[in-house]
Amino acid sequence: MRKSINTLWPTHEPVRDVMTGYRAFSPMFVKTFPILSQGFEIETEMTIHALDKNLSMVSLPVQYRDRPFGSESKLDTYSDGVKVLRSIFRLYRDYRPMRFFCALALLMVLAALTLFCPVFAEYVRTGLVPRFPTFIASHF
């Protein structure tokens, strides 16, 4: 998760841990933070909001202890991870729409070119378009 956040929101000091630790907020953060997420994704949303507003963040190491005997974690690695990744990309779309939609458009253009190039090469070679549905799909 932190790798995707550091890639999408580059900073001078990379984010080390998104999910754990205590958090203290400045008045500026509290006034500008719209709480849109609920549950496990809120830590991600707080981190991304602070990065977007260029607010300083400090990470302090903490010591971990083993979970008390007989207690169980409420977290599910895969489903919670998917929720967090989905929220990262949703927030990227909301905070940086131009970059998000340009990247999406670029992927679509690459997909269209991937479909179109073999059809066009065959047309140049034979003068025929035998895969007409692929030709049409490459234009949408």
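The pockets of the predicted model are considered first. The largest pocket holds about 930 Å³ of space. Its lining is made up of 29 residues, and R23, S56, M57, V58 and S59 are the ones that lie nearest the centre of this pocket. Helix α3, which covers residues 42-52, supplies the largest share of the lining, namely four residues. In terms of residue class, the lining of the largest pocket comprises 16 nonpolar, nine polar and four charged residues. Rolling a probe the size of a water molecule over the atoms shows where empty space is left.

The second largest pocket contains about 290 Å³ of space. The residues that line this second pocket are M19, T20, F40, E43, V62, Q63, Y64, R65, D66, R67, P68 and L75. Six residues of this lining are nonpolar, two are polar and four are charged.

Attention then turns to helix α5, which runs through residues 97-126. After α5 comes G127, a residue with a positive phi near 80°.

A positive phi also occurs at N54, where the value is near 55° and the residue is not a glycine. N54 belongs to the loop between α3 and α4, the latter helix covering residues 77-95. The relative accessible area of N54 is 69%, and this residue is therefore classed as exposed, since the class requires a value over 50%.

The cysteines complete the description. A disulfide is a covalent bond between the sulfur atoms of two cysteines. A search of the whole structure finds zero disulfides. C102 has a relative accessible area of 44% and is therefore partly exposed, as this value falls between the limits of 20% and 50%. C117 also has a relative accessible area of 44%, so C117 is likewise partly exposed.

How values were computed:
Residues are numbered from 1 along each chain as its sequence is written. This is a predicted model: local features need pLDDT of at least 70, side-chain atom pairs count only at pLDDT 80 or more; totals for chains, interfaces and linings use all residues. Side-chain values use heavy atoms; hydrogens and water are left out. A disulfide is a pair of cysteine sulfur atoms within 2.5 Å. Buried means under 20% relative accessible area, exposed over 50%, partly exposed in between (1.4 Å probe, protein chains only). On a 1 Å grid over the protein atoms alone, a cavity is a set of points where a 1.4 Å probe fits but cannot get out, and a pocket is an open set with protein on both sides within 12 Å along at least five of seven lines; lining residues have an atom within 4 Å of a point. Grid points are joined across faces, edges and corners, and a volume is the space filled by probe spheres set on the points. Helices (H or I, at least four residues) and strands (E, at least two) are DSSP runs, numbered from the N terminus. Ala, Val, Leu, Ile, Met, Phe, Trp, Tyr, Cys and Pro count as nonpolar, Asp, Glu, Lys and Arg as charged, and the others, Gly among them, as polar. The expected span of a helix is 1.5 Å times one less than its number of residues.
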